[in-house]
Amino acid sequence: MILSNILLIFGSSGGVLEAAVRTAYNMLTGDDLEQLEFKELKEMKGIKESSIEILGKEVKVAVASGLANARRLLERIRDGKAHYEIIEIMACAL
């Protein structure tokens with residue numbers, strides 16, 4: 001069931017974004033999203049991204065852990081080097 005999966009991932013870095021994407025996918029397609037795989041950007045540790053196709057549209061997402069990484073991610077977006085439909089910033093102290 002989608003709700004139990006969402007509750008398990010919600011508190012981890014990227015969990016809120018993944019829960020939102022899984023919920024949107026389910027509501028739009030009627031199916032459960034099998035896997036949302038994130039890859040860490042080679043040049044930027046602490047920033048990871050993924051993409052998923054929903055009803056023929058590619059939805060690009062990114063997660064930044066820590067405020068320094070958030071700044072780097074936002075600068076990439078501002079400078080036109082990256083584009084995402086959804087981003088999540090996790091700024092909790094570890």
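These exercises work through a predicted model of one protein chain.

**Exercise 1. Confidence**

Task: State the mean pLDDT of the protein chain, and find which elements have the lowest and the highest mean pLDDT.

Solution: 
- Start with the chain. Its mean pLDDT is 82. Of its residues, 79% reach 70 or more.
- Go on to the elements. Helix 1, residues 2-9, has the lowest mean pLDDT, 49.
- Helix 3 has the highest, 94.

**Exercise 2. Layout of the chain**

Solution: 
- Count the elements. The chain has three helices and four strands.
- Finish with contacts. Take those between residues at least 6 apart in sequence: 44% of them join residues at least 24 apart.

**Exercise 3. The sheet**

Task: Give the strand order of the sheet, and work out the sense of each pairing.

Solution: 
- Set the order. Four strands form an open sheet, ordered 1-2-3-4, with mixed pairing.
- Strand 1 and strand 4 (86-90) each pair on one side only.
- Pair strand 1 (residues 39-40) with strand 2. They are antiparallel, over two bridges. Lys39 stands opposite Glu49 of strand 2.
- Pair strand 2 with strand 3. They too are antiparallel, over eight bridges. Ile47 has Ala64 in strand 3 as its bridge partner.
- Pair strand 3 with strand 4. These run parallel, joined by five bridges. Ser65 stands opposite Met90 in strand 4.

**Exercise 4. A residue of helix 3**

Task: Decide whether Asn69 is buried or exposed, and list its contacts beyond four places in sequence.

Solution: 
- Asn69 is found in helix 3, residues 67-78.
- Apply the cut-off. Buried means under 20% relative accessible area. Asn69 has 11%, so it counts as buried.
- List the contacts. Leaving aside neighbours within four places, Asn69 touches Lys45, Gly46, Ile47 and Ala64.
- Link back to the sheet. Two of these contacts, Ile47 and Ala64, are bridge partners.

**Exercise 5. A loop tyrosine**

Task: Determine whether Tyr84 is buried or exposed, and identify the side chain it joins by a polar contact.

Solution: 
- Tyr84 sits in the loop between helix 3 and strand 4.
- Apply the same test. Its relative accessible area is 10%, so Tyr84 is buried.
- Find the polar contact. The side chains of Tyr84 and Glu49 are joined at 2.6 Å. Glu49, in strand 2, is the residue opposite Lys39.
- Compare sequence with space. Tyr84 and Ala62 are 22 residues apart in sequence. Their C-alpha atoms are 6.8 Å apart.

Conventions: Residues numbered from 1 in each chain as written. Predicted model: local features only at pLDDT ≥ 70, side-chain atom pairs only at ≥ 80, totals over all residues. Heavy atoms only, no water. Contact = heavy atoms within 4.5 Å. Buried < 20%, exposed > 50% of the residue type's maximum accessible area, 1.4 Å probe, protein only. Pairing = 2+ DSSP bridges. pLDDT = per-residue confidence, 0-100. Polar contact = N/O pair within 3.5 Å; in protein donor to acceptor, adjacent residues only side chain to side chain.
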